[in-house]
Amino acid sequence: MTFENDNRANWSRSHQRLISSLAALGYPKELGDIIAEHIGSPKGIERMIAYLDYVKPDKVELIVDEMLAIKSEIDRWREKKESETANSEYNMLLNNGLN
């Protein structure tokens, strides 16, 4: 199994677990599809599942708020990593010059 296939399998498994958690709370499958698409990563989806299973929110607004919070944290983490990479490359350029 290649990395890409393994990643798809993880995403699919997390997506199905999310749908199951939402269904247990009485929400439609389509909500799970939307949440999974917006969060975009298996780890983020697993965080959402943990929230659903622990809090058992009774309003869709609470679920959407948590989805947005998770997405925001993921975006900040990615931006931080991109900034660290750019800073590292810039420092290498300063230390080694263009040669």
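This is a predicted model: local features need pLDDT of at least 70, side-chain atom pairs count only at pLDDT 80 or more; totals for chains, interfaces and linings use all residues.
Local features require pLDDT of at least 70, side-chain atom pairs count only at pLDDT 80 or more, and totals for chains, interfaces and linings use all residues. Residues are numbered from 1 along each chain as its sequence is written, and side-chain values use heavy atoms, with hydrogens and water left out.

Two packed helices are described by the angle between their axes and the distance between the axes. Helices are DSSP runs (H or I, at least four residues), numbered from the N terminus. Axes are lines fitted to C-alpha atoms over the stretch in contact, and angles run from 0 to 180 degrees between N-to-C directions.

Helix H2 spans residues 29–39 and helix H3 spans residues 42–55. Their axes come within 8 Å and cross at roughly 135 degrees. H2 and H3 are therefore oblique to each other. Angles under 35 degrees count as roughly parallel, over 145 as roughly antiparallel, 65 to 115 as roughly perpendicular and the rest as oblique. The crossing of H2 with H3 is right-handed (the near helix is turned clockwise from the far one by less than a right angle). Ile-35, Ala-36 and Ile-39 of H2 make the contact with Gly-44, Ile-45 and Met-48 of H3 (heavy atoms within 4.5 Å). Five of these contact residues are nonpolar, one is polar and none is charged. Ala, Val, Leu, Ile, Met, Phe, Trp, Tyr, Cys and Pro count as nonpolar, Asp, Glu, Lys and Arg as charged, and the others, Gly among them, as polar.

H2 also packs on H4, at an angle of about 20 degrees and with the axes 9 Å apart. That angle makes H2 roughly parallel to H4. Their crossing is right-handed. On the H2 side, the contact uses Leu-31, Ile-35, His-38 and Ile-39. H4 contributes Val-60, Ile-63, Met-67, Ile-70, Lys-71 and Ile-74. The contact of H2 with H4 has eight nonpolar, one polar and one charged residues.

The axes of H3 and H4 come within 10 Å and cross at roughly 145 degrees. H3 passes H4 in a right-handed crossing. In H3, Gly-44, Arg-47, Met-48, Tyr-51 and Leu-52 take part. Their partners in H4 include Leu-62, Glu-66, Ile-70 and Glu-73. Eight nonpolar, one polar and three charged residues form the contact of H3 with H4.

Lys-56 lies in the loop between H3 and H4 (60–96). Lys-56 has a positive phi of about 55 degrees, although it is not a glycine. Most residues other than glycine have a negative phi.

The largest pocket is lined by Ser-41, Pro-42, Lys-43, Gly-44, Arg-47, Glu-73, Ile-74, Trp-77 and Arg-78. H3 and H4 each supply at least two of the lining residues. The lining has three nonpolar, two polar and four charged residues. On a 1 Å grid over the protein atoms alone, a pocket is an open set of points where a 1.4 Å probe fits, with protein on both sides within 12 Å along at least five of seven lines; lining residues have an atom within 4 Å of a point.
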